[in-house]
Amino acid sequence: MIYEIRLSDMEFYAHHGCYETERKVGNRFGVDLTLKVECDGGVFDSDDLSQTVNYLEIYASVERQMAVGQATVEKVAANIVRALRREFPQICGIRCTVSKFAPPLGGKVGRVSITLEE
């Protein structure tokens, strides 16, 4: 059985960016995840957390990756996807969107986002 888990609107303060000022000062970032999880259906019968992935552990994994400064949000998203794949083998599909709020583009822009899907 395959089902989806979504973690939406996670927000972090991090030091990603291609400019030195961005890396020094930091900015707000958002992460949205959709995870496809494969299981034998046990969690639906037993209500046992060990039969699925723990949302707190997923959040903690994303938080760890957000703490590693990168030049691009593409690399941030790739790091998140790789870490989740490594830590949670029952995940069989990931859609990860990373957004940078108020990017320094010379005008008013609410956010820029990239989505990586595997």
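Helices and strands here are DSSP runs, numbered from the N terminus. The model is predicted.

**Exercise 1.** Where is C39 placed, and is C39 buried or exposed?

*Solution.* Step 1: locate the residue. C39 sits in the loop between β2 and α2 (42–46).
Step 1: apply the cut-off. Buried means under 20% relative accessible area. C39 has 11% relative accessibility, so C39 counts as buried.
Step 2: list the neighbours. Leaving out residues up to four places away in sequence, C39 touches M1, Y3, F44 and Q51.
Step 3: compare sequence with space. C39 and I2 are 37 residues apart in sequence, yet their C-alpha atoms are 6.4 Å apart.

**Exercise 2.** Which residues of the largest nonpolar core touch the most other members, and which elements each supply at least two residues?

*Solution.* Step 1: find the central members. The core has 29 residues, and V31, L33, L35, M66, I80, L84 and C96 touch the most other members.
Step 1: assign the elements. At least two residues of this core come from each of β1 (2–14), β2 (27–38), α3 (55–66), α4 (73–87) and β3 (91–101).
Step 2: take I80 as an example. Beyond four places in sequence, I80 touches V31, L33, V62, Q65, M66, C96 and V98.
Step 3: In soluble globular proteins, nonpolar side chains tend to be buried together.

**Exercise 3.** Which residues make the nonpolar surface patch of about 220 Å², and why can V112 be part of a patch?

*Solution.* Step 1: name the members. L105, V109 and V112 make the patch.
Step 1: V112 belongs to strand β4 (residues 111–117).
Step 2: check the accessibility. Patch residues need over 30% relative accessible area. V112 has 31% and is therefore partly exposed.

Conventions
Residues numbered from 1 in each chain as written. Predicted model: local features only at pLDDT ≥ 70, side-chain atom pairs only at ≥ 80, totals over all residues. Heavy atoms only, no water. Core = buried A, V, L, I, M, F, W, Y, C linked by side-chain atoms within 4.5 Å. Buried < 20%, exposed > 50% of the residue type's maximum accessible area, 1.4 Å probe, protein only. Helix = DSSP H or I, 4+ residues; strand = E, 2+ residues; numbered from the N terminus. Contact = heavy atoms within 4.5 Å. Patch = residues over 30% accessible without salt bridge, like charges linked within 9 Å, V, L, I, M, F, W, Y side chains within 5 Å. Areas by Shrake-Rupley, 256 points an atom, 1.4 Å probe, with all protein chains shown as cover. Salt bridge = Lys/Arg side-chain N within 4 Å of Asp/Glu carboxyl O.
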